[in-house]
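The sequence and the structure are shown first, and the description follows.

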Amino acid sequence: MRLNQSFPEPGTPGSPIALDRQRASVAAAIPELLERVSEALAPQGAVVVLLGDAGTGRLAIAEESALAFMRAVAEPIRLVVLPQPPHATSGIASVFTPDFPDAGAGEGEAATVAMRIVAEILGDAVGDAVGDAAGDAGDDAAGDAGDDAGTGREGRRDAEAATWQADSSAESEASEASATRDPVHPQASQASQAPQAPQASQAVLIAPNVDFYAPHDARVLEIVLRDPRMRAIGTARQLTSSVERLGIGAGRTRISVAPLDLHQAGVYLGALLGVDRIEAETLRRWHEAAGGNSYALAVLALSSDGSGALRRSRGTAWTTADTDDVPSEYARVLIGTCTPEELEVLELVALAEPVTETVLLRSVDAACLSALFERGLVVSRAHAEGLSLVAGHPLLASLLRSGMSPVRRIQLNDQIFRVLSDDLGALDPIYAPERLMRLVVFGIEGGHDLPFSWLWAAFELMVRGGDPRLVLNLALAVTAHPGADAMQAGAAALRAYRLARLIGDTRSLRPLLGIMQHMLDRSESAAQMTPMLRVRIAATLIKQGVWDDGDVDIALAAFEGLELSVAAEDAPVIEAVRSARVQSLAYAGRLREAALAAPEPEVSSDLKAEWVRSPARAIGTLILDQQGAFGRAVASAENTRMLSRLGPRVRPDFVDMQGFSWLLGYWVSGSTESARQVLEELVTEATADAHAEAHYSGLVEAGAVLIAVQEGRWADATQAAERLLDRLGRHDSWGLAPLIQSVLALALAVLGERDGAVRAIRAATVHTRGIGQAVGGHRRLLVLRARQWLRDPDTMVEAERLAAWANAEGCPSLNCRHCT
């Protein structure tokens, strides 16, 4: 009598195959909990209630625990798994109707129905507990039911019940085989597949979601469980009075089922996907999205696997998708019973969550909201402003948002914006930051022309960070607004450009370049800008030309002209031009020229000038590493990073780059422990902020790859490099790919994977501008070491080329001593 969840595909959660995998995965993730539940079943007449949210694996825990208990006892026991409580509109009278159609479920007296159910399960006359409850008339009915049960009624779902006997492995296997036989002809299938099992004298009943039972069904279950031969495991989201009455005596146990923690989720998903482990970032993102909910984790993992976004390599699985889309077929389970009106309310909650505004709650149908509350599709959560309304399932909101058509999304954003704005009254939202951000977000998405004062105030609120896509949309809105002056439009355009590059939004990036060029070409708007803003915009356009593989000499001439045009300005303005020149030279691989143009090592007393110089100082650190000045490199990187984090307008991209330079300094010098401590600090900072730019840059992951190589963890280095390269293949904002290819080449060569190493060597020599060129000496050394491991006959020739390059670029310390 196995729960039937009607998923369309056998590979999705809820299908028979996936259910087996999920149960095994739950058993692997939380063995202590399974052991506790199994032990709680030991007393005669025991009733265990598993309390927890939907999707926490309560049913899988119940089934695995019951099977473990049944294997441990020395007498035959029958397992019965009831279906989910029927929905009011399903047409099914009782939860017992599908499995006990002749018991009169939903019609007769509860005691009589209970007697018939017990008799049918155990195949004989009922025990004293049930008989006492029903009286003499019940005894006759029970006898009839027992006779009927013995005939093996055709069509009954005996195929989903199993009888176990612990002292015979052959009989246990036969019982497992009978549990999968044809449900339409159970007796014939049983005869053909397994020997007849002995009659069970006890049973374990599994009852999902008993807190949703109709009053009559709850009363029937209560009476059934008075029979001391019956044990039960029920699942519930909350403890109701009817659930409290289940079971007799001291055998009642309540056990809470919490969401999986990060470690448990990793074990669960590893068992589910058949791998040793889940890559850390993939696991973190899935765990955060699912809230530790095991069903939600299974949905994310199996849907990623089914869509081809899941990769497996050397026992590790990771996803190549930047976002996790929930397939639409899962809606049949989560919202398949919703009316159109209820679905509209759910969509609004999904788009607006967390909903804290009373006016927004009053705008939805109260009856629909109440019905959704009852089914757990909408729940309340604690919030800074009190209680908030959110979708009840971890993936429900994501599913609804991803399934919305663009028109429906605009309609809902417009509806939410109008409700919130109509409630403002005399309040100026500029002085209510939370309300302001809600109005601006829904207003932009709903296509409204917002007051510029709102947009600019929201833009200023996001100056220290936020969701990059949200901030990008806001910056674009400020840039294009007719109320923005040249300073405001220019600052917003620079912010939008940087974020578009970071997340790889080329559709926004290219138009922004044209907008910024137009700002400079218009003498009126250019005159309204400060010299620093004009320089930053002009330098950004020149650097983008270098990123686009433009002629570096032309870019250098443009920088020279720009510096001459601001020669009379303050030092920070001039330093902004020089810093951009250093970056462009290094990212093009011209290290000697970059080193000559880099700032003097002495730190200026002008903090603003040091902020402007910080990108050039990070480049200087990378060059010092390759010149062998490890101590100066580390000290410079650490000091520059500290200064860059001061002030109200911290540039996360500068800080992230300096963190990478700091780690690299320790790595090159051989201080593995110090490099690891720096890496741990960078990881901690990124993990603390779900919207940290470090999640998009790849710099932290690159540091982890380098440390794995230094520690000789070649398999780990290979896996980490392959994962990072897969991501960089879609977007590489820092030009890291050549460096990571060189690491992969060495790791594969050490592991003896010659073909892969040769491919990585070729990829490492591709002239992609960015950090891969700025650390060209390290990249070449790694490739040379890979050639040595492969016993490449051209190794000596490549070593001579490296020595010539090092002398030409002012890095004489890079010689063959590093290859031994």
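Arg651 is partly exposed, with a relative accessible area of 25%, where partly exposed lies between buried (under 20%) and exposed (over 50%), computed with a 1.4 Å probe and protein chains only. Its salt-bridge partner is Asp653, and the closest N and O atoms of the two are 2.6 Å apart; a salt bridge here is a side-chain nitrogen of Lys or Arg within 4 Å of a carboxyl oxygen of Asp or Glu. Asp653 counts as buried because its relative accessibility is 12%. Elsewhere, salt bridges with shared partners join Glu563, Glu575, Arg578, Arg581, Glu610, Arg613 and Arg617 into one network.

The model is predicted: local features need pLDDT of at least 70 and side-chain atom pairs count only at pLDDT 80 or more, while totals for chains, interfaces and linings use all residues. Residues are numbered from 1 along each chain as its sequence is written, and side-chain values use heavy atoms, with hydrogens and water left out.

**The chain as a whole**

The protein chain contains 41 helices and 11 strands; these are DSSP runs numbered from the N terminus, helices being H or I of at least four residues and strands E of at least two. Of its 820 residues, 55% count as buried. The chain exposes about 34,900 Å², of which carbon and sulfur atoms supply 52%; the areas come from the Shrake-Rupley method with a 1.4 Å probe, and for residues only the protein chains shown count as cover. Among contacts (heavy atoms within 4.5 Å) between residues at least 6 apart in sequence, 69% join residues at least 24 apart.

**Salt bridges**

The structure holds 41 salt bridges. Three of them are listed here.

| Pair | Closest N and O atoms |
|---|---|
| Arg277 and Asp716 | 3.1 Å |
| Arg312 and Asp305 | 3.1 Å |
| Asp653 and Arg651 | 2.6 Å |

Arg277 forms a salt bridge with Asp716. This pair links distant parts of the chain, since Arg277 belongs to strand 7 (residues 277-278) and Asp716 to helix 36, 439 residues apart. Arg277 is partly exposed at 38% relative accessible area, and Asp716 is partly exposed at 27%. In the pair of Arg312 and Asp305, Arg312 is partly exposed at 41%, and Asp305 is partly exposed at 27%.

Asp606 caps its N-terminal end, placing a side-chain oxygen 3.1 Å from the backbone nitrogen of Lys608. After the helix comes Gly628, whose phi is positive, near 90°.

Leu607, Trp611 and Leu646 make a nonpolar surface patch of about 240 Å². Patches are made of residues with over 30% relative accessible area and no salt bridge, like charges being joined within 9 Å and nonpolar side chains (Val, Leu, Ile, Met, Phe, Trp, Tyr) within 5 Å. Leu646 lies in the loop between helix 31 (630-644) and helix 32 (652-669), and its relative accessibility of 40% makes it partly exposed.

**Trp714 in helix 36**

Trp714 is located in helix 36 (residues 714-728). Leaving out residues up to four places away in sequence, Trp714 touches Val709, Leu746, Ala747, Val750, Leu751 and Arg785. Trp714 and Leu744 are 30 residues apart in sequence, and their C-alpha atoms are 9.0 Å apart.

**Loops and backbone geometry**

Most residues other than glycine have a negative phi, and most peptide bonds are trans. The peptide bond from Glu353 to Pro354 is cis, with omega near -5°; Pro354 lies in the loop between helix 15 (340-352) and helix 16 (358-362). Asp549 has a positive phi, near 65°, in the loop between helix 26 (531-547) and helix 27 (552-565). Its relative accessible area is 54%, so Asp549 is exposed.

Arg791 also has a positive phi, of about 55°, and is placed in the loop between helix 40 and helix 41. Arg791 is exposed, with a relative accessible area of 74%. Asp792 lies in the loop between helix 40 (776-789) and helix 41 (795-808) and counts as buried at 18% relative accessibility. The side chain of Asp792 makes a polar contact with the side chain of Arg787 at 2.6 Å and reaches the backbone nitrogen of Asp794 at 2.8 Å. A polar contact is a pair of N or O atoms within 3.5 Å; within protein, one must be able to donate a hydrogen and the other to accept it, and residues adjacent in sequence count only if both atoms are side-chain atoms.
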